[in-house]
Amino acid sequence: MTAPRFSVAVTLALLLLASASTPTSASAAAVAALTNVTPLQKVLQLLEGMAAKGKQEKHEEEVEFAKFQEWCDGTREGTTKSINEAASQIEQLTADIAKAEADAEELAGEIADLEKSIAQAEGELEKATQVRDKEHGDYVATHADFSESVDAIERAISVLKSREADVPQSLIQVRDAPGIPQEAKIAIESFLAQGSGEGSGAAPEANAYEFQSGGVVGMLEKLRHKFQDQRLALEKEEMNAKANFEMLAQKLTDNIKEDKKRAADKTATKAQRVEDAAIAKGDLKATEATKAEDEKKLADTLAACHAKSEEYEKNQVVRHGEIEAIAKAMEILRSDDVSGAADKHLPALVQLTHASMRKALVQLRGKESPEESMCRERLTSFLQGRARDLNSRFLSLAAEHASADPFGKVKKMIK
């Protein structure tokens, strides 16, 4: 794009405007300042300052954005790490909960089996105890019968041998004793009947009595030995039955005790596993909440960083455009047309009195040619276009000043 050509009037107005933009107390001081630094140099210095300031602000924005981007990266990295760790922890806690609940369920089944085994063993022990009590009761009764029979036989033998008068009574006790065989009862009855018959007649002969009582005594001796043997066998059976019961009872008791201990241990372990599952569920809920918060934080951070990044990119484009526009303006001011006009007319302008300067400016303004007006409009159009493209308020204000009366501030300054 070719640089716009400026008329002498516009050039002088720009130069005087630049000098007028510097705070001063009187127009004389402003004009006097021109003798040291030309307005063109002043404008260039101002533009250079603006360019330097723009570059500095652009650099500062870059530094600030770099810090912000570093914060974004750090926050994103840290939050993402926390989310991943929470996800791993959630996975582990979920597995721990499933394992704890499975263990508790398995233990519950084992406890039920042990309780069933305990109940069965206790039932067997109770049944065995009942059988043993009945066997022992039968033993006591049978042993008493054998003992009673043996005692009765021994008394009868003693009476028969001593020929005492109570022989019939002793034999009757033997006959009625439990366990006496039928043939023995018949023999005793026959002996008693014979003794009863002899009592009503003459006294029996001694040899005959001895013979009959001797046969009964021999029979009673055999019965006594038989009952004693049976009683001894009964006692042995009782001892064996008692030993077997005690061994069975001890085994069942030990099994019951062991199963109860195992059931108690498994019950405690089951309670611990249930508690473990409950604790893990609480940790899982807290971890899920923390993960959700981190995910929201990450989403908000990414959104904020994205928005800030877009704003930064736009601002950088605007900054770059403003710097280019200022550089273009400086290029225009350094062009031969502008610098030549300043060298030609500025010395005479500086020597003017206030009144003659006001008159000259009026004449210059009134003599603005169509070419000069078109040149100023081109400058205004250029600044407005750049301001619109870059959305720059700074260039928009510059365009407004360029389109305004270039002598207005100068006239005010020299009044």
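The points below treat the basis of the model, its helices, its aromatic pairs, its salt bridges and its surface.

1. Basis of the model. This is a predicted model, in which local features need pLDDT of at least 70 and side-chain atom pairs count only at pLDDT 80 or more, while totals for chains, interfaces and linings use all residues. Residues are numbered from 1 along each chain as its sequence is written, and side-chain values use heavy atoms, with hydrogens and water left out.

2. Overall make-up. The protein has eleven helices and zero strands. Helices (H or I, at least four residues) and strands (E, at least two) are DSSP runs, numbered from the N terminus. Of the 415 residues, 33% count as buried; buried means under 20% relative accessible area, exposed over 50%, and partly exposed in between (1.4 Å probe, protein chains only).

3. A stacked aromatic pair. The structure holds four aromatic pairs. Rings of Phe, Tyr and Trp (its six-membered ring) pair if their centres lie within 6.5 Å; planes under 30 degrees apart count as stacked, over 60 as edge-to-face and the rest as tilted. The pair of F65 and Y312 is stacked, because the ring centres are 3.9 Å apart and the planes are at 0°. This pair links distant parts of the chain, with F65 in helix 3 and Y312 in helix 6, 247 residues apart. Both F65 and Y312 are buried. F65, F68, W71 and Y312 together form one aromatic cluster.

4. A tilted aromatic pair. F146 and F227 also form an aromatic pair, which is tilted, with 6.1 Å from centre to centre and 35° between the planes. Since F146 lies in helix 3 and F227 in helix 6, the pair ties together parts that are 81 residues apart in sequence. F146 is buried, with a relative accessible area of 14%, and F227 is buried at 1%.

5. Side chains of opposite charge can pair when their charged atoms come close. A salt bridge is a side-chain nitrogen of Lys or Arg within 4 Å of a carboxyl oxygen of Asp or Glu, and by this rule the count comes to 19. One of them joins E61 and R319, whose closest N and O atoms are 3.3 Å apart. E61 lies in helix 3 and R319 in helix 6, so this pair ties together parts 258 residues apart in sequence. K281 and E101 meet in another salt bridge (2.9 Å, N to O). Here K281 belongs to helix 6 and E101 to helix 3, so the pair connects parts 180 residues apart in sequence. K281 is partly exposed, with a relative accessible area of 43%, and E101 is partly exposed at 38%.

6. R273 forms a salt bridge with D276, the closest N and O atoms being 3.0 Å apart. Both residues lie in helix 6, three residues apart, about one turn of the helix. K99, D103, R273 and D276 are linked in a network of salt bridges.

7. A contact across the sequence. How far apart in space are N255 and I118? Their C-alpha atoms are 7.7 Å apart, although the two residues are 137 residues apart in sequence. N255 is in helix 6 (residues 206-333) and, at 35% relative accessibility, counts as partly exposed.
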